[in-house]
Amino acid sequence: MAPSRLEVNLRRLLVQCELRAKEDIQTDWRLDKYIGTLDEMLRNLQRMPNKPAKETLSEYGRRVDFLKGLIHAQNLSTPEEKVVAAQLLQPEPPSSDVITKEIHQKTTSKYAEELRDELLSSGSDGSKSLRQRKTSKPSSGDDLDALLRHHHAVQEKIAEDMLSLARSLKEQSHLASTIIKRDTEVVEQSGSLTDENFERLKLESARLEEHTKRAWRCWMWVMIAVVVIIFVNMVVFMKVMKKRTG
């Protein structure tokens, strides 16, 4: 079946948005509007009677969600949050194409570089404050210790976020697996009940057909008996009448 006009337009806009995101997402302020239009077109496509296959719609949805995730990561305030959001945008290997992988690698590298620049900037500020201390505390390492603690806290926060996400995904996967297994059992039970009901219906139909044949045979013999009785009565009546007239 040939794709509809809406699906063709969605493909074209999706490719254009991916190319714009690959170039530079910060300088293209229209990309957010385009992605919103993509989301609306995808919803309309899902409601169409001649909509594409389920796998195709899922692929479109994953690509649109990936672009929405890029916009969300771009709008975050701190580089630490952007790095975590970029890591969570890891595309799925079976469905990710080349341009999606390139966008993800470029975005991750950019936010990692921003985080490194911020850490280096805060580190240089700490070094300047150390040099400006009075000679009464020449060997004090409070600022350096504070910087190291800050870096360590940031790394722990990122690790905790990743572990929390992994636990959440594992729980959701387990829940989905349980629901699918339960639905499969219900479908199998329904299929078994359907087969049993079909066999029962077939047996009852055969019994009804046999009962109908028996009833028809009985009525046939009754009609034959009635005809014979009428015939005999007619013969007797004719003989009686002939004697009277004779």
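## Basis

This is a predicted model: local features need pLDDT of at least 70, side-chain atom pairs count only at pLDDT 80 or more, and totals for chains, interfaces and linings use all residues. Residues are numbered from 1 along each chain as its sequence is written, and side-chain values use heavy atoms, with hydrogens and water left out.

## Overall fold

The chain has six helices and zero strands. Its pattern along the sequence is α-α-α-α-α-α. Helices (H or I, at least four residues) and strands (E, at least two) are DSSP runs, numbered from the N terminus.

Of the 246 residues, 22% count as buried (under 20% relative accessible area, 1.4 Å probe, protein chains only). Among contacts (heavy atoms within 4.5 Å) with a separation of 6 or more, 67% join residues 24 or more positions apart.

## α1 against α2

Helix α1 spans residues 5–23 and helix α2 residues 31–47. Their axes come within 10 Å and cross at roughly 150°. Axes are lines fitted to C-alpha atoms, for helices over the stretch in contact; angles run from 0 to 180 degrees between N-to-C directions. α1 and α2 are therefore roughly antiparallel (angles over 145 degrees).

α1 passes α2 in a left-handed crossing: the near helix is turned anticlockwise from the far one by less than a right angle. By class, this contact has 13 nonpolar, three polar and two charged residues. Ala, Val, Leu, Ile, Met, Phe, Trp, Tyr, Cys and Pro count as nonpolar, Asp, Glu, Lys and Arg as charged, and the others, Gly among them, as polar.

## α3 against both

Helix α3 covers residues 54–74. α1 and α3 pack at about 35°, with axes 11 Å apart. Their crossing is left-handed. The α1 side includes Leu10, Leu14 and Cys17, and the α3 side includes Tyr60, Val64 and Leu67. The classes are nine nonpolar, one polar and four charged.

α2 and α3 pack at about 155°, with axes 10 Å apart. That makes α2 roughly antiparallel to α3. This crossing is also left-handed. From α2, the contact includes Ile35, Leu38 and Leu42; from α3, Tyr60, Gly61 and Val64 are among the residues. The contact divides into ten nonpolar, two polar and three charged residues.

Key
Buried means under 20% relative accessible area, exposed over 50%, partly exposed in between (1.4 Å probe, protein chains only). Angles under 35 degrees count as roughly parallel, over 145 as roughly antiparallel, 65 to 115 as roughly perpendicular and the rest as oblique.
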